[in-house]
Amino acid sequence: MNRFWAFVKKEFLHIFRDPRTILILFGMPIAQIMIFGYVVKNDIKNVKIAIYDKSKDNVTREITDKILSSGYFLLSEKLDSNNELERIFQKGEVKEIIVFEPDFAKRLENTNTANIQLIADASDANTANLIVNYTQAIIYEYVKSINENNSLAVQIVPEARMMYNEEMKSVYMFVPGTMALILLLISAMMTSISIAREKEMGTMEILLVSPLQPLQIIMGKVMPYIILSLVNAISIILLGFFVFDVPIHGSIILLMFETMLFIFLALSIGIFISTVSKSQQTAMFISIFSLMLPTMLLSGFIFPIKNMPLVLQWFCYIVPPKWFIIIIKDIMLKGTGLIYVWKETLILIGMIIFFISLSVKKFKIRLE
Amino acid sequence: MDQAENIITVKNLVKKFGSFVANDNLSFQVEKAEIFGFLGANGAGKTTAIKILCGLSAPTSGEIEVASYDVYTQTDLIKQNIGYMSQKFSLYEDITVKENFRFYGGIYGLSKSRINERITFFLKELKLESAKDELISSLPLGWKQKIAFSVAIMHDPKIVFLDEPTGGVDPVTRRQFWEMIYEASHNGITVFVTTHYMDEAEYCNRVSIMVDGRIDALDTPENLKKQFGVNSMNNVFLKLARN
């Protein structure tokens, strides 16, 4: 065990001796979250909305109050007919119109379900997405609060419609996306580079000749990045929560568990990349092209998956961050528990097993 | 050294990669505290043989014992009892001299006090006390090489394997390096060394020369020169390699 800690200590020395590594490890997450965060924050203050209440009952009034008292929205005007929608958007001031269906409270009472339509001006797609997300979050919050004192679960279905850009439907939230990107980058790219470095420098040979077991070597290389990734994940969540008011509705323990799971997945990918690359450069390029780009483009982080050609959509299924982002969004924004994300969780576990066994196989062949 | 015990015993070692025979029926012994030169052109099968002796790779067949341990079943014990230094010097460039010593002492399981004892010893021996907190990358090649050798024998191994340890180093430093090898041998450590410098081959107690996976010659440098009727190891090597 002492041998192992001597190894881990050396890994930390590598990290702390290199200012560039430190910058990537700690500077980048903060910079990213600030960039994404402030873009978001500037857009979602005092957004002008219009409300078309076809029901005008106590429930719709309550929801309206909730939305208007949130601080994100300002009521621009109340509408009385469908014909006004187009006119309102064309003026360009109002970014969202909220439509309550007729007999809203009655329907809720009789069928436990009622519909709200959220129509957003999606000519600025990202802003539209954000506005809709915020509105949905407030509505979910309200549903949760009335369900607490009610044995029968009530459902309000907000149906989002993006005007001027109909397909733009996916949910865009920066914290889950940034977290996926940063964790993948640190855990997978940094470990693959640091293992490849031992190979490139010839020190891997020395380690293999030493009494350290191959498993100890790999664990020793990975250990510092587990700790650093966890620190990063927590600081991203905290930054999101305190600076940008990103809610954490679900269980923090579950959130941390899923985060750890994703860190392990990223590490196992990093280990796998290192088994197929002989130099640090190769490891970096493989990491960037196989991890960074797909995370940005194919995980639903920035571009909605539903918008893509079918073949690309299939490809999205094998992009690990996609599943992590779904899980994190569900836990943080919707407050769901493990029963709703177990499928995604199993997929992550399956991917870990896949990459670890692939690496072990590769490693054994190389030793032969 | 007539009565000396054998520390490496190789009988009929064969290593095949598919149909390619890298080591073709090697048999030799290395005595305790001997300086054993393991020569051969590139691709003659030296590295394969060293990997097997270090417990990194299993032979296809043959009986091999290193430090009286079996290479098939006792690789962990072999690893604990050997030191290894490659042509790449095997030090970490971005950490200091002292930290490199600490790291290698640590992974070989030396106690803290023993590590400090050894560090003090080597720093004094190498006259490097003033450079102990310097990064390896800031040191000249010759120093790195001496430190790498010290690191390789830090845990008092029975055998130290040196794989072309003097590549790219100036003649004066090579000379000093061989003085360190002699001292290690004097202290009872067996030295198993590969080199491309034929003047270095002259320094060895015995030399084996590999050609195409076989050992074609094995004797003291004097006897080899007599046997081939030439006046230097260089000519012995050329004669063998050309045949």
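Two residues are said to be in contact when heavy atoms of theirs lie within 4.5 Å. By that rule, in this predicted model, 25 residues of chain A are in contact with 25 residues of chain B. The size of an interface is often given as the accessible area lost when the parts come together. Here chain A and chain B bury about 2,300 Å² between them, and 62% of that area is on carbon and sulfur atoms. On the side of chain A, the residues A:R17, A:I206 and A:V209 supply 27% of the area buried against chain B, which is more than any other three residues give.

Turning to particular pairs, the rule finds two salt bridges across the interface of chain A and chain B. A:R197 forms a salt bridge with B:D94, with the closest N and O atoms 3.7 Å apart. The elements of chain A that give two or more residues to the side touching chain B are α1 (2–17), α7 (174–201) and α8 (203–209), and α1(A) gives the most, with seven residues. Sorted by class, that side of chain A has 11 nonpolar, five polar and nine charged residues.

In soluble globular proteins, nonpolar side chains tend to be buried together. The largest nonpolar core here has 146 residues, of which B:I147, B:F149, B:F161, B:F192 and B:I209 touch the most other members, while the largest share of this core, 15 residues, comes from α7(A). Leaving aside neighbours within four places in sequence, the contacts of B:F161 include B:I8, B:I50, B:Y84 and B:F192. Apart from this core lies another, of 29 residues, among them A:I67 and A:F100.

Definitions and conventions: Residues numbered from 1 in each chain as written. Chains lettered and ligands numbered in written order. Predicted model: local features only at pLDDT ≥ 70, side-chain atom pairs only at ≥ 80, totals over all residues. Heavy atoms only, no water. Buried area = accessible area lost by both parts, 1.4 Å probe. Salt bridge = Lys/Arg side-chain N within 4 Å of Asp/Glu carboxyl O. Helix = DSSP H or I, 4+ residues; strand = E, 2+ residues; numbered from the N terminus. Nonpolar A, V, L, I, M, F, W, Y, C, P; charged D, E, K, R; others polar. Core = buried A, V, L, I, M, F, W, Y, C linked by side-chain atoms within 4.5 Å. Buried < 20%, exposed > 50% of the residue type's maximum accessible area, 1.4 Å probe, protein only.
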